[in-house]
Amino acid sequence: MPVLHRSAGRVLGPLVFALPAVLLSCTSERPPPPPPPADPGPVEVDGTRDELAALVAAAQDRHLVARYVFSRTGQPDRSIVFTSANDGSWRVDVPGGALGGTADVSLAATGDGLFQCALPSTGHPEPARCVRLGERDDAIPRRLDPRVQHPLTDWLDVLTDRRAPLAVAVAATPKGLTGTCYSVDSTSASLNAPLDVGIYCYDTDGTPTGVRTEAGTLRLAAPPGPAPATVQLAGPVVADAEPLDTAAPPTPDPTFSKSAGTP
């Protein structure tokens, strides 16, 4: 029996030492696990939004006088003049901005408040006069809002607000526009989106060069000029005057007019 035990030990001994070598060999031949998949999507999206926010922040600091052309299908082009003064006041002159496109208006925000000024035009031949709408940061009532001024004024605050529910991506520059362009969409389910979805374009110095939304296309028509110290209202402020609605006044009923004048 002792002889058999020593023989078994001589046989098992090499096997015991050889087994780890065999396991190590099998382990070394096994391919390493693949690396986890890269997920650069959110980083890229955040980077694009940061790029847009940087340009828009430059636009907020940009003071100028610029002429834009507003185009909309089925309507003649309109020349929009935007002034961003050195003291932070602004003014936007909008031909056809009221009374169904027949009256010209000017919107202005100064240290004294927010104003709508009616300009002499075909639908409103009276001299220019202004109406105070509220404080300078108040929202313009929808019935008075021509909307073309937003990409140049308050929507700049939305585009720099990282809490705003927006999705931003680099976009090809639409025909007729210039600058670096971004597609901006709303990620909110609310019907009241913080701005109109579309394509927003800027020059490297922050100058807004164009915007394309469902409402139309606003494009920079010429190089901007220097800004004034402050903006001037288009006319005197009249306390008892009414602002002009964007909608055309109702057409008088000829039947009612005839009967009203009949004795």
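Select Arg136 to start: this residue sits in the loop between strand 6 (129-134) and helix 3 (155-159). The structure is a predicted model, in which local features need pLDDT of at least 70 and side-chain atom pairs count only at pLDDT 80 or more, while totals for chains, interfaces and linings use all residues. Residues are numbered from 1 along each chain as its sequence is written, and side-chain values use heavy atoms, with hydrogens and water left out.

**Around Arg136**

Arg136 counts as partly exposed because its relative accessibility is 30%; buried means under 20% relative accessible area, exposed over 50%, and partly exposed in between, with a 1.4 Å probe and protein chains only. Show the residues it touches, leaving out those up to four places away in sequence: Gly88, Ser89, Trp90, Ala109, Thr110, Gly111, Gly113 and Leu114. Contact means heavy atoms within 4.5 Å. Draw a distance from the Arg136 side chain to Gly88: a polar atom of that side chain lies 2.9 Å from the backbone oxygen of Gly88. Then pick the C-alpha atoms of Arg136 and Thr110, which are separated by 6.2 Å although the residues are 26 apart along the chain.

**Trp90 and the core**

Move to Trp90. Beyond residues up to four places away in sequence, Trp90 touches Phe82, Thr83, Ser84, Leu107, Ala108, Ala109, Leu114, Arg136, Gln149, Thr153 and Val231. Trp90 is also among the residues with the most contacts inside the largest nonpolar core, together with Tyr68, Ile80, Phe82 and Leu244. That core has 23 residues. Colour strand 1 (64-72), strand 2 (75-84), strand 3 (90-98), strand 4 (103-110) and strand 5 (113-119), the elements that give two or more residues to this core. A nonpolar core is a set of buried Ala, Val, Leu, Ile, Met, Phe, Trp, Tyr and Cys residues joined through side-chain atoms within 4.5 Å. A second, separate core of 17 residues includes Trp155, Ala164, Leu195 and Tyr202.

Select Gln149 next, in the loop between strand 6 and helix 3. Is Gln149 buried or exposed? It is buried, because its relative accessible area is 1%. Its contacts, not counting residues up to four places away in sequence, are Trp90, Val92, Leu107 and Ile140. Two polar contacts can be drawn from its side chain: one of 2.9 Å to the side chain of Asp145, and one of 3.4 Å to the side chain of His150. A polar contact is a pair of N or O atoms within 3.5 Å; within protein, one must be able to donate a hydrogen and the other to accept it, and residues adjacent in sequence count only if both atoms are side-chain atoms.

Arg147 lies in the loop between strand 6 and helix 3. Its phi is near 75°, a positive value in a residue other than glycine. Most residues other than glycine have a negative phi. Arg147 counts as partly exposed, at 32% relative accessibility.

Leu99, in the loop between strand 3 and strand 4, has a positive phi of about 50° although it is not a glycine. Leu99 is buried, with a relative accessible area of 16%.

Go on to His124, in the loop between strand 5 and strand 6. At 9% relative accessibility, His124 counts as buried. Apart from neighbours within four places in sequence, His124 is in contact with Thr102, Ala103, Ala118, Leu119, Arg129 and Leu244.

**Leu55**

Now select Leu55 in helix 2. Leu55 is buried, with a relative accessible area of 15%. Which residues does Leu55 touch, not counting those up to four places away in sequence? They are Thr180, Tyr182, Tyr202, Asp203, Thr204 and Gly206.

**Whole chain**

Zoom out to finish. The protein has 4 helices and 11 strands, and of its 263 residues 35% count as buried. Residues 24 or more positions apart account for 52% of the contacts with a separation of 6 or more.
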